[in-house]
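Welcome to this short tour! Open your viewer, get ready to select residues, and follow along stop by stop.

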Amino acid sequence: FNCSIPHKVAILEYLDELAPSAAIIGAVNTVVIRDGRLTGENTDGQGFTASLREVRDPAGQHIVILGAGGAARAIAVETALAGALSVTIVNRTESKGRDLADLVDTKTPAAGRYLPWTPQLHIPHGTGVLINATNIGFHPNESEMPDIDVTSLAPGMVVADVVANPPRTRFLAAAAEAGCTTLDG
């Protein structure tokens, strides 16, 4: 069965075990029952990583994630476990951003880094995958997009957005115009 906010963390005490990535993430959204045992899984990051692999293997990539909430946490851990070289967390709240970067750095093989979100953020050179894991641009605020310097988007970079509604956000439109491969929510 599936569970959602606010139960993703509260359910942990009732489970018999956690899948390895769910243990690192510290939250579950799916519980699998086998032989009467409850195993917690977190499929958010796994689903994202499977979609990403359709356009680019995360192995060997330098990944930048905008945001440090639940979606960012799951995606950061799963892409790191899938072989990303580094995962940089960009967040306005330094403590949340640093906490997630430290989690990646200490619990996965990838280097975890924190970058403060400054106005017109310049995406670091060498970024292979940029992910908006915030709700910026979500309906009914479709006119909004993350505050980044779109001229720093490199052709060939994969730019993904977890926003599902609308599927084609302003962020993805700007990335496509810059020659990036886009992946919608």
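A residue is called buried when its relative accessible area is under 20%, exposed when that area is over 50%, and partly exposed in between. Keep in mind that you are looking at a predicted model.

**Stop 1: a pair in helix H5**

Select Glu94 and Arg98. Their side chains meet in a salt bridge, at 2.6 Å from N to O. Because Glu94 and Arg98 are four residues apart in helix H5, about one helical turn separates them. Arg98 has a relative accessible area of 42%, so it is partly exposed. Glu94 is partly exposed too, with a relative accessible area of 42%.

**Stop 2**

Now extend your selection to residues 94–107. Helix H5 has 14 residues and reaches 20 Å from its first C-alpha to its last, close to the 20 Å expected at 1.5 Å a residue.

Which residues of H5 are buried? Colour Gly97, Leu100, Ala101, Leu103 and Val104 to see them. They lie on the same side of H5, because they cover an arc of only 150° around the axis. To see what covers these buried residues, show helix H2 (20–25), helix H4 (70–81), strand E5 (86–91) and strand E6 (111–116), which are among the covering parts. Then turn to the face of H5 that points away from the buried side: there you will find the exposed residues Asp99, Thr106 and Lys107.

**Stop 3**

Select Asp44 and Lys8, whose side chains form a salt bridge at 2.9 Å, N to O. Asp44 is partly exposed at 33% relative accessible area, while Lys8, at 18%, counts as buried.

Next, select Arg37 and Glu17. The closest N and O atoms of this salt bridge are 3.5 Å apart. Here strand E3, with Arg37, is linked to strand E1 (residues 17–18), with Glu17, and the two residues are 20 apart in the chain.

**Stop 4: a buried charge**

Stay with strand E3 (residues 37–41) and select Glu41. Glu41 is buried yet has no salt bridge. How far away is the nearest side chain of opposite charge? That side chain, Arg34, is 5.6 Å away. To finish, show some of the residues that Glu41 touches, including Ala19, Ala22, Val28 and Gln46.

Methods:
Residues are numbered from 1 along each chain as its sequence is written. This is a predicted model: local features need pLDDT of at least 70, side-chain atom pairs count only at pLDDT 80 or more; totals for chains, interfaces and linings use all residues. Side-chain values use heavy atoms; hydrogens and water are left out. The expected span of a helix is 1.5 Å times one less than its number of residues. Buried means under 20% relative accessible area, exposed over 50%, partly exposed in between (1.4 Å probe, protein chains only). The arc is that of the directions from the helix axis to the C-beta atoms. Contact means heavy atoms within 4.5 Å. Lys and Arg count as positive and Asp and Glu as negative; His and the chain ends are not counted. A salt bridge is a side-chain nitrogen of Lys or Arg within 4 Å of a carboxyl oxygen of Asp or Glu. Lists of a residue's contacts leave out its neighbours within four places in sequence.
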